[in-house]
Amino acid sequence: MEYLEINNLKKKYGDFSLNVNFSVKEGEFLCLIGPSGSGKSTVLSLLTGLEEADEGMIVLDGEDITAKSTQERNIGLVFQDYALFSNMNVEKNIQYGMDKKHKSSKEISEQTELLLEYVDLVGYGKRKVTSLSGGEAQRVALARSLASEPKILLLDEPLSALDAPLRKRLRTVIRDIHNRTGITMIYVTHDREEAFAISDRIIIMKDGLIAADGSPESLYNKPNSAFTASFTGDGTLLDASLFFENQTGSIFFRPESVIISDEPVNPQMYPSYLVINNVKITGVEYTGSHYLLCVDYNGSFILALSLVKPSRNYVSLLINEESITRI
Amino acid sequence: MSRKRVNGIYRGLAAPALIILFFLFALPLYFTFSMAFSDGLESIRSVFLSPYSYRLVRFTVIESLLSALLSTALALPFAAFYASYDFRFRKMTLALSALSFTIPSILVVLGFVIFYGNNGVLNNILKSIFGFEKSPVRILYTFSAIILAHVYLNLPVAFNLITNGWMSLPKSEEDASYTLKKGRMKTFFSITLPKLRGVIANAFVIIFLFCFSSFAIVMVLGGSPEYSTLESEIYRRAHISLDYSGASALSIFSFIITTLALLLSFIGRRNEKLVREGGRIRKAEKKKTKVMAFILTSLMLLFILPPMLSILYRSFFDRTGNFSLESWNTIFSASSFLSAIVNSLVIAIVASLLSVLLAENIAMYAVKCRSRIAPLFATLPLATGSVTLGLGYNFLAAHIPFSSTCLDYAMILATHLVLSIPFAIRTILPGAKEIPERVSEASYTLKKSGFETYIRTERPLLRNYRRKAFIFAFALSLGEVNATLSLAGGRIETLPILIYRLIGSYNYQGASALGSVLLILAFIVFLLGERIGKKERRWNTSK
C-alpha cells in the first residue's frame, strides 16, 4: 500500500483546472517540477488543506484526510518566502510547532538544539529571525517544520530566492536531512537541475496535469513526450521521416549522444549509428566543461557536445540509435 | 544619487509645511499657556491641586478608555471576517463605514437624540410593537449615552482601520502555523495578534484621543455637570464663567495627559515598512460562511444606518409626529442658510486642500528620512483638542489690534487646518511607506533628479491616499463645531453652528433638515471621491 495516495484530485480557478492522480511511497523523495502556472504549488496547497479540492481524495498512511482541516492532516510545509514568525526568535519559531505537552523543558531544548544542528545553525537560537540571511531563514523554516514531526514534509520552491552556490549547498542539507530522518518529502521546484540532484522520483506537471512520472534517469534518457524531453534538458527533436522511411512522429536525442568527427564517416562502418556527413556548424556555446554546437541539417538544428572547440566549420555526426527516443 | 542628497530634498519640501504647522499650532498654544500664567502660578496651582480637576481627568480618561476599548474590541470580529472573505455587500459595507467616518459629530448627536431619545424613533417603534405606555429606552443624558455615541462614531473607524491593516498582513505566517498543527485561536493569539498590535493600538489611540477631546457629544448627550470632561469644562470656564486663566490652566493639564498618551503610543510602535500582500481574501463559498457574512453585515448596517436615517426622517415630521415641510421651507427661505452652506464649503475646501498638501510633504519626509519626530509633532494637535486650540486662537485674535471678518475666516481656517493635518498625515503615511524604494532608485538611474522623482514617480503613487485624506479633512472641517463656535463667537455661521443652535433650542426638525443637508454634502463628497478613485483604478489597470 502506498503511503500517500492522491486520487483524481481536482481544483478549478477561472481558466485553470488541476486534475492529478499519483501516489508516494513512505520515505520517498518526490520532486514536482513544471513551468510557472502548471499547478505545482496548488497541489501542495490542496495536500495541506490550505485550499479545498473540488473533487478527489487524499489518503495518507491509510487514512482519508480529504475533509480534515490543515491542523489535523499532519503534513508540514516549508514556504517559498520562509513565513517565519517575525515576533519570535529562532528558538521560539522552532519550538512553536513542537508538541510540548509530552515533553519536559529539557527535552524541548535538547530537541531544538538537535534540529539546529540538523540545519547547521548551532548557536543561532536566540537570534532574531529578521536578522537572518535568506539561507539561514530557510533553514530555520525547515527545522521548524521538522519540529512538528509531520508524516510528510512539503517544500514549496524553498530555495528559489537564494543564489546559485547557496542553493546547491542547501539542497545537500535537505537531502541529508531526508536521509537521516527518513521522512517522506515532496519538493516543488522549477529548476530541473535541482530536481535531478535531489530526488528519487520526479513528476513533471503541465497545465494542471501530470505530463510525466518517473526516475530522474528515465525521464532524461527516455522522455515520453516532446514537452518532457525539452523540459528535462537540451536535445534535438527531428521528424523521424528525415532518417527512417515510411515512419511518422519524431525522434529525440541528447547532445551527449552525438559523436563529432572532423572527417566524413562511412555509414557502412557504423551500422548502429545514424551518420550525417558534412554539416555546417551555425553556433558554438562554451558551457564551462564542454562546447555546445548547433549544427544545421537540412534546415533543422542538431545539438551536439564537444570537449574541444571545433577547428572547422563543417563536421560529421554519428548518433547512437540506442540513445534515440521515438516520440 | 546619495541618500544624503535625497534626504535633503524631502527635508526641503517638508520644512515649510512643518514651519507652518508649528506656527499654526504653537502660537495659539503659546497664548493659551501665557494666559494660564497671567496671574502668576495661581490658576495653575488651583487646577493642579484641585480634586475637581482630577475628578474631571478620571471621568475623561474612563469614558475615553471605555469608548476606545469597546470600539476596537467590537470591531475585531467584524474586521477578522471582512479581512478574510469576499461576499456580496462587503465593499458596500466597508464604504459605508468609511462614510460614517466622515459624518460630523454634531450629526451623530442629532441622530442619537432622534433615534434613542425618550420620544425618539426607537421608543416609538417599541411602544407601537409591544404597547408600552412609557418609553422603555431611557438612555439620553446618561453615561451610557456618551459611550454609545462614541462607540457609534468610532466603531466604523476601528472597523475600517483594522480591516485594512489586517488585509495587508502576510497570510503565509498564519498558513505556516496551521501546517504546524495549531488551531485558529492559537494562531490568532500567537501569530496574528502580535502583528496586528500596531494597527489595533493605532486605532485605539486615535479613538482615545478623539473621545478625550470630544465636545459636542459630551455637552449634549451627557447633559449634566456630573458628566463633564476636561474639554467641556474648558469651554464652560472660558465661555460661560469667563475664567480665561482657569480655562487655560486646565488646557495645559489636558495637553500634558494627551501628549503622554501619544508619546506612549509612539514609543510602542515599530517603524515597519508596509508591504501590501494580496490573495488574503477568499470567496465565501460555504453556507456557514455566507450565513456569518449576512449576520455580520446586517449587524454593522443596523448599527450604522438607523441614527442617520432617522435624521432624514425627523426632518419631515414635527414635534407632534405630523408630516410637515415647514422646517425645509424655513431653512430654504432663510438667508443665513445659504451663507452657512457657502461658509462651510469654502472653509472645508480650502482647509482640506492645504491640509493634504502639507500632510503629504511631512509624510514623505517622515518615511524617507526615517523621522519619528515629524509625525509625532504633526499629531500633537490631535492631542490638544479643538476647544483648547480655539481658545488659543481667541487669545491670539485679542492680541491683534483690529477685528474683521477676514481675520475671523483666517482664524477658523487655521484651526481647521491644524485639526485636520494629523488625520491627513495618518492617512497618507501608510501610502508613503508602501512606495517601493526600488521605484525611486530606478528613477534616479534614469537620470531623474530627486525632486523630479518625487513629483513624477512618488507623488502619483500617493494619489489614492491624497484623495482619502482630502475626504477625511473635508468632512472634519465641514462638521467642525467646537473651535468655530469658541473662536468666531457666532460671527461666522457654518452649518454645524446653525445645527448646534437649533438643537440647543430643541428645534429638532429644523436641526434635522439642516443635518440632512450636511449629511448629503458629506455623502456627495464621499461619492465623488469614490468615483474618482474608481476611475483612477480603472485607468491604472487599463494602462
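This is a predicted model: local features need pLDDT of at least 70, side-chain atom pairs count only at pLDDT 80 or more; totals for chains, interfaces and linings use all residues.
Residues are numbered from 1 along each chain as its sequence is written, and chains are lettered from A in the order in which they are written. Local features need pLDDT of at least 70 and side-chain atom pairs count only at pLDDT 80 or more, while totals for chains, interfaces and linings use all residues, and side-chain values use heavy atoms, without hydrogens and water.

**Domains**

Domain bounds come from an automatic or database domain assignment. In chain A, domain 1 spans 4–231 and domain 2 spans 235–326. In chain B, domain 1 is made of 1–36 + 326–543, and domain 2 covers 50–314. The C-alpha centres of the two domains are 40 Å apart in chain A and 22 Å apart in chain B.

**Interfaces**

The size of an interface is often given as the accessible area lost when the parts come together. Here, buried area is the accessible area (1.4 Å probe) that two parts lose on being put together, summed over both. Salt bridges pair a side-chain nitrogen of Lys or Arg with a carboxyl oxygen of Asp or Glu within 4 Å.

| Interface | Buried area | Share on carbon and sulfur atoms |
|---|---|---|
| Domain 1 and domain 2 of chain A | about 580 Å² | 46% |
| Domain 1 and domain 2 of chain B | about 4800 Å² | 72% |
| Chain B and chain A | about 1800 Å² | 56% |

Contact means heavy atoms within 4.5 Å. Between the domains of chain A, 7 residues from domain 1 meet 7 residues from domain 2. A:Tyr220, A:Lys222 and A:Ala229 supply 68% of the area that domain 1 of chain A buries against domain 2, more than any other three residues.

In chain B, the domain contact takes 55 residues from domain 1 and 51 residues from domain 2. On the domain 1 side, B:Arg372, B:Arg426 and B:Lys433 lose the most area to domain 2 of chain B, together 13% of what that side buries. The salt-bridge count between these two domains of chain B is 0.

Between the chains, 19 residues of chain B meet 24 residues of chain A. B:Thr179, B:Leu180 and B:Lys181 give 37% of the area that chain B buries against chain A, more than any other three residues.

**Salt bridges**

Over all chains, the count is 30 salt bridges. Between chain B and chain A there is 1 salt bridge. B:Lys286 forms a salt bridge with A:Glu52, with the closest N and O atoms 3.1 Å apart.

Within chain A, A:Glu55 forms a salt bridge with A:Lys10, with the closest N and O atoms 3.7 Å apart. A:Glu55 is in strand β4 (residues 55–60) and A:Lys10 in strand β1 (residues 4–13), so the pair ties together parts that are 45 residues apart in sequence. Strands (E, at least two residues) and helices (H or I, at least four) are DSSP runs, numbered from the N terminus.

**A helix pair in chain B**

The axes of helix α17 (residues 386–399) and helix α18 (residues 405–434) of chain B come within 10 Å and cross at roughly 145 degrees. Axes are lines fitted to C-alpha atoms, for helices over the stretch in contact, with angles from 0 to 180 degrees between N-to-C directions. The crossing of α17(B) and α18(B) is right-handed (near helix turned clockwise from the far one by less than a right angle; anticlockwise is left-handed).

Residues of α17(B) in the contact include B:Leu389, B:Gly390 and B:Tyr393; from α18(B), B:Met411, B:Ala414 and B:Val418 are among them. By class, this contact has 8 nonpolar, 3 polar and no charged residues. Ala, Val, Leu, Ile, Met, Phe, Trp, Tyr, Cys and Pro count as nonpolar, Asp, Glu, Lys and Arg as charged, and the others, Gly among them, as polar.
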